[in-house]
Amino acid sequence: TNTVIMRRKGEDIPESVLLDSIAGTYDDTYIIPSILNLETNVIGMEAVGKPHIANFKRMLLDGNPKGKECMDRYIQILYQHLKRRMSGGKRFSFFQDPSANILYITVPVGFNNYRKNLKEIIEKTIKGIKIELIEEPLAAAIGYQVAEERDKVIMLIDFGGCTLNTMILRLNIHEVHVIAKPDRAKTLGGHDIDIWLAEHLAKKIAMQRESAQYDKLILKAEEIKISLSKQKVVPFEWD
């Protein structure tokens, strides 16, 4: 999965926040790969190409204690980068006026323990913060600005890094109503495609799953998957 941080001032259009060393770019958006090296405490692009843990969101969704440990560490390090970026060398307070500032976090549909754990981690890391959790397909509807003056009914299919969320909404520019949604999202996402594609490529080059290079192959598979979003044929070259 990837992390995207955006900031909105007043009624302005939200702007993407660049955290130089840990962020990469995709089109005009800065994205931080949600990966973590526990030994060196580096995340995002700083952890690419080194041994790292990549799928801790799925681990936290599954209730794996390791997932909570990794998510906790990831958010702590991410917040340190954010403080340095936003402070300009001065003492940093995330909320100068807590009544006017909110941190919105997107979450999959369902998975109450995941939501509870994530909120606990953030409240512990960023003190005195007001947190709003928004379900991911609802956030997508807002982000892609699909609303108009008149009411319309839409079905959203949000295929993310490790979850598949669906929702049916009735909305206009003033309000939104959730008509239907499942009890919980499916644990199926882009990372699963990376793994399937890597398994296919591994057979082509006779690489075993236990190989030290296998994580690098999964990253290569992700790179190919992204390229195939824009073109029909992508070459696979290995060493």
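**A buried aspartate, and what surrounds it**

Start with Asp72: at 14% relative accessibility, Asp72 counts as buried. By buried I mean under 20% relative accessible area, by exposed over 50%, and by partly exposed anything in between, with a 1.4 Å probe and protein chains only. Before going on, the ground rules. This is a predicted model, where local features need pLDDT of at least 70, side-chain atom pairs count only at pLDDT 80 or more, and totals for chains, interfaces and linings use all residues. Residues are numbered from 1 along each chain as its sequence is written, and side-chain values use heavy atoms, with hydrogens and water left out.

Asp72 sits in helix α2. Helices here are DSSP runs of H or I with at least four residues, strands are runs of E with at least two, and both are numbered from the N terminus. What does the side chain of Asp72 make a polar contact with? The side chain of Lys124, at 2.5 Å. A polar contact is a pair of N or O atoms within 3.5 Å; within protein, one must be able to donate a hydrogen and the other to accept it, and residues adjacent in sequence count only if both atoms are side-chain atoms. Not counting residues up to four places away in sequence, Asp72 touches Ile121, Lys124 and Thr125. Contact means heavy atoms within 4.5 Å.

That takes us to α3. Helix α3 covers residues 112–125, 14 residues in all. At 1.5 Å a residue it should span 20 Å, and its end C-alpha atoms are 20 Å apart, which agrees. The expected span is 1.5 Å times one less than the number of residues. Its buried residues are Tyr114, Arg115, Asn117, Leu118, Ile121, Ile122 and Thr125. Seen down the axis of α3, they fall within an arc of 170°, so they line one face of the helix. The arc is that of the directions from the helix axis to the C-beta atoms. On the other side of α3, Asn112 and Asn113 are exposed. What do the buried residues pack against? They pack against α1 (56–61), α2 (65–87), β8 (103–107) and β9 (131–135).

Now the core. A nonpolar core is a set of buried Ala, Val, Leu, Ile, Met, Phe, Trp, Tyr and Cys residues joined through side-chain atoms within 4.5 Å. The largest has 33 residues, and Leu19, Ile32, Met71, Leu78, Tyr114, Leu118 and Ile122 touch the most other members. α1, α2, β8 and α3 each supply at least two residues of this core. Its largest share, 8 residues, comes from α2. A second, separate core of 10 residues includes Val109, Ala140, Ala141 and Leu171.

Next, a lysine. Lys57 lies in helix α1 and is buried, with a relative accessible area of 14%. Leaving aside neighbours within four places in sequence, Lys57 is in contact with Thr1, Met71, Pro108, Tyr114, Glu136, Cys162 and Thr163.

Most residues other than glycine have a negative phi. Phe111 has a positive phi of about 55° although it is not a glycine. Phe111 is in the loop between β8 and α3, and is buried at 9% relative accessible area. Asn41 also has a positive phi, near 55°. Asn41 lies in the loop between β6 (36–37) and β7 (42–43), and counts as partly exposed at 37% relative accessibility.
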